[in-house]
Amino acid sequence: MPVFQLRHATTYAFSSPVTLSPHSLYLRPRSDHKLKLEASTLALSPAAEVVWRNDLYGNSFAVAYFQGETTQLDIISELTVETFPRSESQRRLLLETGTTQYSPTEQHMLAPYIDQPAENAEVAADWINSGAVSVEKGQYERLLECAARIRYEFDYRIRYEPGLQTPAETLLQHSGTCRDFAELMIAAARSLGCAARFVTGYVYTPNAAPGSSSPHAWAEVYIPAMGWIELDATNGLVDDGDLIPVATAATGAELTPILGAFTGFGATSTMSVGVDVVKLS
């Protein structure tokens with residue numbers, strides 16, 4: 001199975017001394033049958049007291065408490081992980097022997113992942129119907145079709161400013177970042193009656209220059225027969241071992257790998273991020 005070493009380095013430089021608020025750091029994945037966390041280190045400068053906890057979705061994250069003032073914040077996370085992807089034949093076996101219909105209990109528990117603003121539902125449904133063909137497709141095939149259309153019909157655009165485009169904005173501009181494509185994929189899946197959630201993590205990109213990668217985002221969709229399946233519309237990956245999930249939430253607005261603030265009279269900040277994902281085997 002694929003084994004990866006990851007290094008995620010973030011630096012914030014401040015124009016004058018600042019005081020840092022507690023920072024929430026979503027940088028450590030949880031081990032399960034799809035991913036094994038073999039090693040994890042977190043280095044902070046200035047030093048901080050770090051307290052680990054789980055959020056309401058069960059994600060593991062650190063809260064860093066800083067003392068005094070600083071003109072720079074360095075956050076370096078290093079991981080060694082092994083992934084265990086399912087093959088297409090395994091997915092088909094699960095699909096052929098299980099159901100795609102939610103039970104009443106599942107429908108109730110998955111409501112936060114199914115409900116969405118009326119505008120998102122409308123624009124996503126219109127977009128899906130605009131590409132519909134006469135051939136009857138099952139639910140799984142329609143999800144794959146949506147992911148493929150996002151990959152090939154939309155332009156990937158690097159956008160450093162925080163926040164997410166709405167599905168309507170992405171459809172209007174026909175471009176976006178990975179997190180925008182994830183939000184559109186989620187809206188499309190929910191319009192098809194599927195529970196979907198936002199994932200933040202990393203992806204292995206062959207031949208990437210050192211430090212040139214960045215945190216990645218994609219969607220996961222819940223089908224009872226298969227469980228949560230990864231649909232990375234940016235790269236066209238489905239349940240792929242090159243995807244390394246760290247945390248999930250109902251929407252991308254709830255997930256930022258590093259979240260914090262600073263105070264300092266007249267101070268401004270600049271940020272630099274470098275991610276390396278090396279495949280060991």
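This is a predicted model: local features need pLDDT of at least 70, side-chain atom pairs count only at pLDDT 80 or more; totals for chains, interfaces and linings use all residues.
Okay, let's start with a helix pair: α5, residues 139–153, packs on α7, residues 178–191, at an angle of about 150°, and their axes are 10 Å apart. That makes α5 roughly antiparallel to α7; the label goes to angles over 145 degrees, while under 35 counts as roughly parallel, 65 to 115 as roughly perpendicular, and the rest as oblique. The axes here are lines fitted to C-alpha atoms, for helices over the stretch in contact, with angles running from 0 to 180 degrees between N-to-C directions.

Residues are numbered from 1 along each chain as its sequence is written, and side-chain values use heavy atoms, with hydrogens and water left out.

Back to our pair. The crossing of α5 and α7 is right-handed, meaning the near helix is turned clockwise from the far one by less than a right angle, with anticlockwise being left-handed. For the classes, Ala, Val, Leu, Ile, Met, Phe, Trp, Tyr, Cys and Pro are nonpolar, Asp, Glu, Lys and Arg are charged, and the others, Gly among them, are polar.

Now bring in α4, residues 118–130. It packs with α5 at an angle of about 90°, axes 11 Å apart, so α4 and α5 are roughly perpendicular to each other. Trp127, Ile128, Asn129 and Ser130 of α4 meet Arg142, Cys146, Arg149, Ile150 and Glu153 of α5. That contact of α4 with α5 splits into 4 nonpolar, 2 polar and 3 charged residues.

What about α4 and α7? Their axes come within 8 Å and cross at roughly 85°, which makes α4 roughly perpendicular to α7. On the α4 side you have Asn120, Ala121, Ala124, Ala125, Trp127 and Ile128, meeting Ala187, Ala188 and Ser191 in α7.

On to the cores. Which residues of the 71 in the largest nonpolar core touch the most other members? Those are Leu143 and Tyr202. A core, by the way, is a set of buried Ala, Val, Leu, Ile, Met, Phe, Trp, Tyr and Cys residues joined through side-chain atoms within 4.5 Å. The largest share of this one, 8 residues, comes from α7. Apart from it lies another core of 5 residues, including Val199, Val203, Trp218 and Leu237.

Staying with α7 for a moment, have a look at Asp180, which lies in that helix. Asp180 counts as buried, at 0% relative accessibility; buried means under 20% relative accessible area, exposed over 50%, partly exposed in between, with a 1.4 Å probe and protein chains only. Leaving aside neighbours within four places in sequence, Asp180 is in contact with Arg159, Leu164, Gln165 and Thr170.

Leu20 lies in β1, residues 3–20, and is buried at 7%. The C-alpha atoms of Leu20 and Asp32 are 12 residues apart along the chain and separated by 34 Å. Gly201 is in β9, residues 195–203, and is buried at 2%. Gly201 and Val246 are 45 residues apart along the chain, with their C-alpha atoms separated by 4.7 Å. Gly201 also touches Pro215, His216, Trp218, Ile244 and Pro245, not counting residues up to four places away in sequence.

Last bit, the backbone. Most residues other than glycine have a negative phi, and most peptide bonds are trans. The peptide bond from Ser45 to Pro46, though, is cis, with omega near 5°, and Pro46 sits in the loop between β3 and β4. Leu20 touches Pro46, among others. Then His174 has a positive phi of about 55°; it is in the loop between α6 and β8 and is partly exposed at 33%. Asp239 has a positive phi too, about 45°, in the loop between β12 and β13, but Asp239 is buried, at 3%.

Key: Helices (H or I, at least four residues) and strands (E, at least two) are DSSP runs, numbered from the N terminus. Contact means heavy atoms within 4.5 Å.
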